[in-house]
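Thanks for coming. I will go through a few local features of one model, starting with the aromatic residues. Here it is on the screen.

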Amino acid sequence: MAIKITDECINCGACEPECPNNAIYDAGVSWKFSDGTALDGVIDFGEGVTLDANESQEAISNEVYYIVSDKCTECVGFHDEPQCAAVCPVDCCVEDEDVRESEDELLAKKAWLHAE
């Protein structure tokens, strides 16, 4: 599963530089699949769904920092625990119950994001 940031976030920004996938963004800031990853150009998600990795995507939150679940690997393959949760002073980086992924799926996502 991915990690999410709850509305208890105090917008301190401690989590953002810790993410190895650049999946954490400040409130209101647009994001890209290419940010901090090896993804570039057209991404094919299958079944005719494609997206330009360099195209800006709308911010997920305008109130607090947010995590893009499609880029979050819970730090699997990088660290023993999610680094955002480890550094969060108010414990608002928690498991996202709506996005469940196995360790193998998270490792595959890591490999996809970083062209391994």
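F33 counts as buried, because its relative accessibility is 4%; buried means under 20% relative accessible area, exposed over 50%, and partly exposed in between, with a 1.4 Å probe and protein chains only. Before going on: this is a predicted model, where local features need pLDDT of at least 70, side-chain atom pairs count only at pLDDT 80 or more, and totals for chains, interfaces and linings use all residues. Residues are numbered from 1 along each chain as its sequence is written, and side-chain values use heavy atoms, with hydrogens and water left out.

Now the rings. Rings of Phe, Tyr and Trp (for Trp, the six-membered ring) pair if their centres lie within 6.5 Å; planes under 30 degrees apart count as stacked, over 60 as edge-to-face, and the rest as tilted. That rule gives five aromatic pairs. One of them is F33 with W112, edge-to-face, at 6.1 Å centre to centre and 70° between the planes. This pair links distant parts of the chain, since F33 is in the loop between β2 and β3 (42-46) and W112 is in helix α2, 79 residues apart. Helices (H or I, at least four residues) and strands (E, at least two) are DSSP runs, numbered from the N terminus. Ring pairs also join W31, F33, F45 and W112 into a cluster.

Helix α2, where W112 lies, covers residues 103-113. Together with F45 and V49, W112 makes a nonpolar surface patch of about 270 Å². The areas come from the Shrake-Rupley method with a 1.4 Å probe, and for residues only the protein chains shown count as cover.

Next, N21. It is in the loop between β1 (3-5) and β2 (24-25), and at 1% relative accessibility N21 counts as buried. Leaving out residues up to four places away in sequence, N21 touches D35, G36, T37, K71, C72, T73, F78, L113 and H114; contact means heavy atoms within 4.5 Å.

Last, C93, in strand β6 (residues 93-95). C93 is buried, at 9% relative accessibility.

How values were computed
Patches are made of residues with over 30% relative accessible area and no salt bridge: like charges are joined within 9 Å, nonpolar side chains (Val, Leu, Ile, Met, Phe, Trp, Tyr) within 5 Å. A salt bridge is a side-chain nitrogen of Lys or Arg within 4 Å of a carboxyl oxygen of Asp or Glu.
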